[in-house]
Amino acid sequence: MTNHDCITERNIDRRSFSALAPRHLSLALAAAVSSFVILVSSFATAADGDKKPTTYQIQPGQFPPEGSAHYIAGELIQMDHVNRTGQLRPDRRNDQRTDDYDRAMFFAMLPYGTFRYHGAPAELRDLPIGTHLHGQFYFDAKQGRPVKGGFSSGFLLEDDFSFHQRQQRAWRLDAIDLNKGNITVTGLSLADHKADEKPTVFKVNAATRVWQGRGFGALTNLAAGQTLLVNITVATLKGPGHCTDIWLDDESRQLAAARQTEVHRAHQKTHGLAGWINTVDNEKSHLTITLFGGFNAALTNDFKLKSRVAALVAEDSLRAYDQINDRMYCEVLEIRSVPAAPGSSGLQFVIKPENLLEGFRPRRILRLLAANWPLDDLPWEEMLWPADNRVK
Amino acid sequence: MRLMPPLRTIACILAASLGISAAASPGFDTVVKPFLAEHCVRCHGEKKQKGNLRLDTLSRDFAAPLSASHWADVMERISTGEMPPEDEPKPKVAEAARIAEWIAGQIKEGEKTRLARRERVTFHKLTREEYANTIRDLLGVNFDATDPTGLPEDPSWQGFERIGSVLSLSPAHVEKYFAAAEAVLNEALPTVAPKKFSKRKDVWDLRYHGQRPKAEKLGIADQARVEIWPHDGLDVSTDFPVSGDYRMRIKVSGMKPPLGRAPHVSVYAKDLDRMLFEQDVVTPEDQPATLDFTFHVPAGRRDIRLTCEAPGPSNLPRHGRYDAGRFFTTIKDSPTGRQPWQWKLTDEDGVPLRPFLIVDFVEVEGPLQSTWPTPQQQKFFSTGGTQDVAQAKEIVTSFASRAFRRPARADEIGRLVKLVESELQSGEKFESAVKAALVATLCAKDFLYLVEGSAGQVNPRLNDWELAARLSYFLWSTMPDDRLFDLARTNGLHQPSVLRGEVARMLRDPRAARFTTGFPKQWLQLKHVGMFPPDKKLYPDYDAHLEKSMIAEGTEYFREVLEKNLSVREFLSSDWTLLNARLAEHYGIAGVKGDEFQRVALRPEDHRGGLLTQAGVLSLTSDGQRHRPVHRGKWVLETIFNKPPPPPPANVKPIEPTPAGQPKATLRMKLEAHKSDENCAACHRKIDPLGVAFDNYDAIGRWRTEEVVRDGAGANPKVDPSGVLPDGRKFADGAELRRLLVADTDKFAAAFVEKLGTYALRRAMTIDDRRALSALASQSKATDYRLRKIVEALVVSDLFQQR
């Protein structure tokens, strides 16, 4: 994670990896299960052990407390990028009945829920189908029992690259067997350089992209002893997974992150930074807005005091209606920092719209476009008004 | 030098043609000419014509009303000492008196000539309002005279719309009168019974077209209502099967913000350019009011819109637009009933943020005539009738006598009966044949005109029939009622005691509202309010309701003075006025609720009192952008003192904007710099003080202490409302000027009597009316200028009873 990305990671239950994985590795060894199980156990959650999954209920208008999210990993198998919903094929877990294996899991991102890809902020549309993701979820009682997939309110979804980088972890390349299409790697903590006890074997093939320096390398550039980051697919079925991408060095990892950062910045500039309204002073026509996290912090430099920004009313999906016609210009009266909370950027704006709209109510979502950002039509399928034109 | 003889000849011819001869005005060369040469011609002669007046060539044809009037002005100014001005040598008193006496004598001589020339019969055309009122009283039918299908707008003279000499009759008028006669008679005497029509438009018709099943599925079909945002409205266009009176009922809640304005319902027929109904509505959301009103419309589809007239932002690009698929139910959950991109109606506790309406239904029913045959059919064609020429004669005699406001003559009846006979012979049914004669009656000059006098005799006095008509059109703007006809028939109306009794009776009658509305509107020229619509950016609060309220303050104020028989002094200054909530808000006066006008006590800090500080009066002289002090001064001279200044000379340079970088300047400052021309300055000395005194009021009559100036640099300049009257009296502001005007009540009363006479007699007051007007003014002083007494004295006077 770069220092410039406004992402809040505090509510991630860190034990789900660094603390639990070794213990489960040993359990797995004891059970002499397959590498698939080892992989699964590597990503097992608190539900597997002495801790029951948290069923904290999201409160309207409040960011969740730290450590309240529930970790689930899986592979992205379907997405509705406009509505920020999708489905995962969850990783198999030790506590599951085999009947429940691979049962698709629906998710809808919370308004302050974020994505990360290649170590940078992202939108759902940036994630290729099949990407293995690590997620943080909250239980939505309307969706079912916890074990049956009721954790549908997404807080964070990120690819292996982002996940491991954020955890300060990587893979040490131990061996390469291109004839079999295998690479043997061992998990490594970059903080203390401690290696996991047990190695993992990933599949590689001609489709695997090898990132090296400022360009692409080849599988032949792989050499034992390298420190890698990988993204994988086909991870939840019969093996630890196939590598879609392998990053051989820091430069290639920075290149990927920088590129994704620009992709997301461009997206935010056309769609606006999202936040919710904390308070409304109807008499003065003042709105206090807390911006959500999940964007490159440099974007806020475009918001100047006294500048004229465009506010778009949006739904919890962050989807606006008709931004050209709905925009309400507002004067930025104040920009202040507030105590960071999971989901929050820690930035609060006080703005004065030219007129009040129905959507200017506490807990409602706004998207803000800085004065120098382009305010233009979005593709029709992204607009809520006049109607979703996509074929059902 | 050789040219001299021809020049002298031409001069003699000109002099003869202009009536300028020693014989026509004996004593002029010895008495008047030297005086004018010494005291007047330097400023009003060949080289200068201050006030656009030249005396050395002023016609001395005193039989001509215009020149006689000019000389009367000269006489008045000399005898009052106004002229020559202070900075000129003063004539001896005896000298001035001799001049005044000479002029007065010439005017008197001229009067005899004018009276001898007077036409034996005078015609005064009904205004379109009077036409409609008369039709209503005659046939019980409402005629929409101002509709596009009605009658052309009446021209006016100095604000008065009933001046016979300017109400002309063109071929287009004749066609309109014919069409109008046919339309009103068809409505009064229909050939088939009108079918009753009733239509209720509920929320499914008004907005949620075809969406009832969806609302039913949501379980809110019985809760759905329709909200109307400020400036927004509903299309309630309706097909009216026949012309007639209809009733509309609107079930509506009016949501008023705690500190804001009440929502104002307006129902406007766009194609008729006519407001059918308007009213402030304030009711709790769960206790809607049912507005119930009637109106008259011609048959056909009428483009009607129900609008919430209230302040609010522009509804463009789409924040005020309705979005299909949402059902408004209650303000408490309006966020779910409305789209987030729509204007915010209420705060988080459901308290209205802006005025808006919630409508449940709009219902139209009619025509309202409840009986068949109609009352007019029963009256004209009673079932026991013989349906022959004799009955036709009876019908047309009765009808024409009422329509002509006098007994119809035998020759007139004969022509109408002949028309009936002709129709019957060509196969028309009896009712249709009679109707043709009635149409002819309504197109006759004796119906369309108030005819006074007789071709056969010279009689300046009105007979009682003519007097009854003059009186009823003066106070009711319609034909005489049965009592006036009865009094005319017995020749008893002209008796002063009877006339006084009739004035009292007529002013008690609801029809007197036409006088209390019509006269002040025309006298004060309130028709010009909003003629130049105020700039929306400069005056965003200005709207149709405010404009109507501004006009209504003037008419309601007049009504109050008349009803309470107060002194006309109250028109100049007062410590009260009549306001509704809308106008009170405009004035910044708290505590006035509702749309009804109510008497409000004024404090000095309200800066109001009398007509001159009323927003309507202050705005009618503005140009939509800024106040116009010169126009205000001119209005005061014209309306309050009946001394209209001469028109400005041609090629007057416009006021230039202040160059960028220079300090901002008030309009008054710019005017001072502008008045460099000495000839202009002479008039402006009289006009401007009466205007700048009210510089504390902006173009829409709001109080201010600074003038908002767009061009130039620096702070807005302070208003300077001080001034000096032509007679040297100084004032610090508008309030002091009003006190000075009150001290001149006698001058105002004289002017007021003349204005009232113009309205009542339907003609301009001339030099020949001065004596009578002066007597009335003196009489009014004896009764402390009380308005009812002035009206009564006018009606009883010879002036009113003569042609």
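## Confidence

In this predicted model, chain B has a mean pLDDT of 87, and 93% of its residues reach 70 or more. For the complex, the predictor gives an ipTM of 0.85 and a pTM of 0.77.

## Nonpolar cores

The largest nonpolar core holds 213 residues. Leu228(A) and Ala468(B) touch the most other members. Helix α26 of chain B, residues 745-761, supplies the largest share of this core, with 10 residues.

Leave aside neighbours within four places in sequence, and Ala468(B) is in contact with Pro480(B), Leu484(B), Phe485(B), Leu487(B), Ala488(B) and Leu493(B). Another core, of 37 residues, lies apart from the largest one. Its members include Val141(B), Phe404(B), Val420(B) and Met479(B).

## Contact between the chains

Here 16 residues of chain B are in contact with 15 residues of chain A. On the chain B side, seven are nonpolar, four polar and five charged.

## Domains of chain A

Between them, 27 residues of domain 1 are in contact with 31 residues of domain 2.

On the domain 1 side, β1 (5-6), β4 (105-117) and α4 (250-271) of chain A each supply at least two residues. α4(A) gives the most, with seven residues. This side of domain 1 of chain A divides into 10 nonpolar, 11 polar and six charged residues.

Methods
Residues numbered from 1 in each chain as written. Chains lettered and ligands numbered in written order. Predicted model: local features only at pLDDT ≥ 70, side-chain atom pairs only at ≥ 80, totals over all residues. pLDDT = per-residue confidence, 0-100. Core = buried A, V, L, I, M, F, W, Y, C linked by C-beta atoms within 7 Å. Buried ≥ 20, exposed ≤ 12 C-beta atoms within 10 Å, placed from the backbone. Helix = DSSP H or I, 4+ residues; strand = E, 2+ residues; numbered from the N terminus. Contact = placed C-beta atoms within 7 Å. Nonpolar A, V, L, I, M, F, W, Y, C, P; charged D, E, K, R; others polar.
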